[in-house]
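The following exercises concern the structure shown below. Each task is followed by a solution in steps.

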Amino acid sequence: MRDPLELLDVAGLLTGEERQIQETVARFLADRVRPHLAEWFEAGTFPRELAPELGRLGLLGMHLDGYGCAGTSAVAYGLACLELEAADSGLRSFVSVQGSLAMYSIHRYGSEEQKQRWLPRMAAGEAIGCFGLTEPDFGSDPANMRTRAIRDGDDWLLRGGKMWITNGSIADVATVWAATEDGIRGFLVPAGTPGFTTRTIKNKLSLRASITAELSFDDVRLPADAQLPGAKGLRAPLSCLNEARFGICFGAVGAARDSLAVALDYARERVQFGKPIAAFQLTQQKFADMGVSLGTAALLALHLGRLKDGGRLQPHQVSAGKLNNVRAALEIARECRTILGGSGITLEYSPLRHANNLESVLTYEGTSEIHTLVIGEALTGHAAYR
Amino acid sequence: MNIVVLVKQVPDSGAERSLRADDNTVDRGAASNVINEMDEYAIEEALKITEAHGGEVTVLTMGPAGASDSIRKALSMGPAKAVHIVDDALRGSCAVSTSKVIAAALGGLNADIILCGSESTDGRVQVLPHMLAERLGVAALTGARKLTVDGSTLTIERQTDEGYEVVTASTPAVVSVWDTINEPRYPSFKGIMAAKKKPVDTKSLADLGVDASEVGFAGATSTVLDHAQRPPRSAGQKVVDEGDGGVKLVEYLATEKFV
Ligand SMILES: Cc1cc2nc3c(=O)[nH]c(=O)nc-3n(C[C@H](O)[C@H](O)[C@H](O)COP(=O)(O)OP(=O)(O)OC[C@H]3O[C@@H](n4cnc5c(N)ncnc54)[C@H](O)[C@@H]3O)c2cc1C
Ligand SMILES: Cc1cc2nc3c(=O)[nH]c(=O)nc-3n(C[C@H](O)[C@H](O)[C@H](O)COP(=O)(O)OP(=O)(O)OC[C@H]3O[C@@H](n4cnc5c(N)ncnc54)[C@H](O)[C@@H]3O)c2cc1C
């Protein structure tokens, strides 16, 4: 089997259109992205020039309607995330943040003017967005954030800082969440606004082909129309995260599939003790366990996609998908690395790169512990966060 | 500018391909079928021309019912509509009868330019564009690596082994292209979703006024009688370099008539 997802014939559950979207993304990535990934990862960069190409395909905000967005199904969006993350989690992160966090926040909570101003350019990849919720002192517990927006006449003054913000230092506009007298509100802060500065975070061991930054707001003056009128309370940013998490459920399957495909190829060719290592029972046990785990993760993702397209997807179900699929993908990527032996530790083979990336994926968009607590609450009725 | 692009569905040249044991035709059931690669370049060229000069692109395919999959893919790149010639009697058609059927279908389409790939990756005969031009009584601008449109004048650079020739004709004309002519676009997601709703006109031989006895196995001017697997590679010869390795290599190449 060249594609380990064939084990359970997951593709057989897709429509022709879904498959064509998935194939188109895979083909684009094979031509334009895969040859350069190791280089970008090594250099710790994300090539901004790629954004317009992603936009031309329709990848940015692809499941949103209007304003230049493609308006695909949730499953098609998931499959695109799967292929993107099969290339690299950093690339999928870029697309998730742009589409599901930055664009979604404007699409769902923005005024018509804000939508017209930003969404078409963001869909085309001409403008890049980021989403600032996490702070140095508040990650899993954003309700207690310190960043404040204070009324000053009709204007707002924004004061505070955000941490670990994907695309932060390459963004043209930041969706920033801040505490106000009336609770948490969202604001659109264009790059270059006086008092708004960014610093790229260096020395990452994970998600190196993605930009992560710290944002600082030193009494940034914003006009009244910078506020997202529809966003009231913490529920608003959490609804955005739920969108992005949905993509991660599929994305993790992609990273795992790629790891497994690479390890299978290697094991068929690599001869030790006079046999291909694929022919040893110990290796086959690894492959069998991973094949089953990958297939079930893919089926779970697809199930969630069908629920979402049917308008029935619940947040705790997305938590179950993220918890299971990222955990499974991380185990698979690490196990695949063992099959590659010494060869597995450089950038020539993808599994360890995927494993390193998935450490971030396990943490962001809600840590595995927090998703465990979400599922625990859904099952027992007791909230155990604090 | 009305452009018809000929699009053929072929077995993926990147995967294992085979002929059927019973009638020596391409085994489509066993293959993963794709758009003939060169035809994607023809589609791209057609789209570029209509984007610059206006007009409409129509996809024309002769092939079994399953070819509709490739037609949708072609439409997802941007053409407005398609014509699909399907008829059980077409099985086993040779290039001569294929050109007859396609010429008949082109009759109703009023094309200024008929664009196609220079060859298909399954048949590889390269004669269809010429036969078609002959039947239609129009110019054949074949093997293009570049095409320029100036009013009703078409100019191509015809790629040859040594370089290129500049050939000019006026519309209507058949133009066949090589994969050096452009870089085909990826279908956009909007294009993929829009393709579902684009009209595909299905035509039978009767619709085209072509007699079934003139096509398919019945009317074939050439037929594959038998086929066999390529023999497995033999072990090869080892040349040991004892200071005269270069000479020995050249001698070998000379006996094989490579030099
Ligand atoms: C590469 C990368 C990109 C990111 N991009 C963005 C972005 O674009 N925008 C954004 O806003 N944020 C982003 N984040 C931040 C991310 O969402 C946070 O890192 C995450 O929410 C966890 O917060 P924290 O790092 O502060 O960890 P903490 O919240 O301090 O958690 C530390 C540990 O304590 C555990 N823990 C916390 N509370 C509990 C509890 N009640 N019970 C048991 N265990 C608990 C956690 O599960 C974790 O294991 C990104 C992070 C990374 C690594
Ligand atoms: C950073 C680093 C430093 C190193 N330094 C040194 C050094 O200083 N000197 C030195 O000599 N070597 C060194 N090595 C090499 C190291 O010892 C080898 O990588 C190790 O022995 C494994 O060999 P391999 O990489 O060729 O993998 P392989 O032997 O090809 O193994 C590949 C996979 O197949 C499995 N496998 C093999 N045979 C079987 C079997 N019969 N049944 C089931 N599974 C099997 C292995 O467990 C592994 O999972 C180093 C390696 C690394 C990564």
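Two strands pair if DSSP finds at least two bridges between them; helices (H or I, at least four residues) and strands (E, at least two) are DSSP runs, numbered from the N terminus. This is a predicted model, in which local features need pLDDT of at least 70, side-chain atom pairs count only at pLDDT 80 or more, and totals for chains, interfaces and linings use all residues; side-chain values use heavy atoms, with hydrogens and water left out. Residues are numbered from 1 along each chain as its sequence is written, and chains are lettered from A and ligands numbered from 1 in the order in which they are written.

**Exercise 1.** Describe how strand 4 and strand 5 of chain A are joined and paired.

*Solution.* Step 1: a hairpin of two residues connects strand 4 of chain A to strand 5 of chain A. Step 2: strand 4 (residues 173–180) and strand 5 of chain A pair in the antiparallel sense, over eight bridges. Step 3: within this pairing, T180(A) stands opposite G183(A) of strand 5. Step 4: buried means under 20% relative accessible area, exposed over 50%, and partly exposed in between (1.4 Å probe, protein chains only). Strand 5 of chain A (residues 183–190) is largely enclosed by the rest of the structure, because six of its eight residues are buried.

**Exercise 2.** Determine where R27(A) lies and which residues R27(A) touches.

*Solution.* Step 1: R27(A) is in helix 1 (residues 16–32) of chain A. Step 2: its relative accessibility is 41%, so R27(A) counts as partly exposed. Step 3: contact means heavy atoms within 4.5 Å. Leaving aside residues up to four places away in sequence, R27(A) touches E40(B) and Y186(B).
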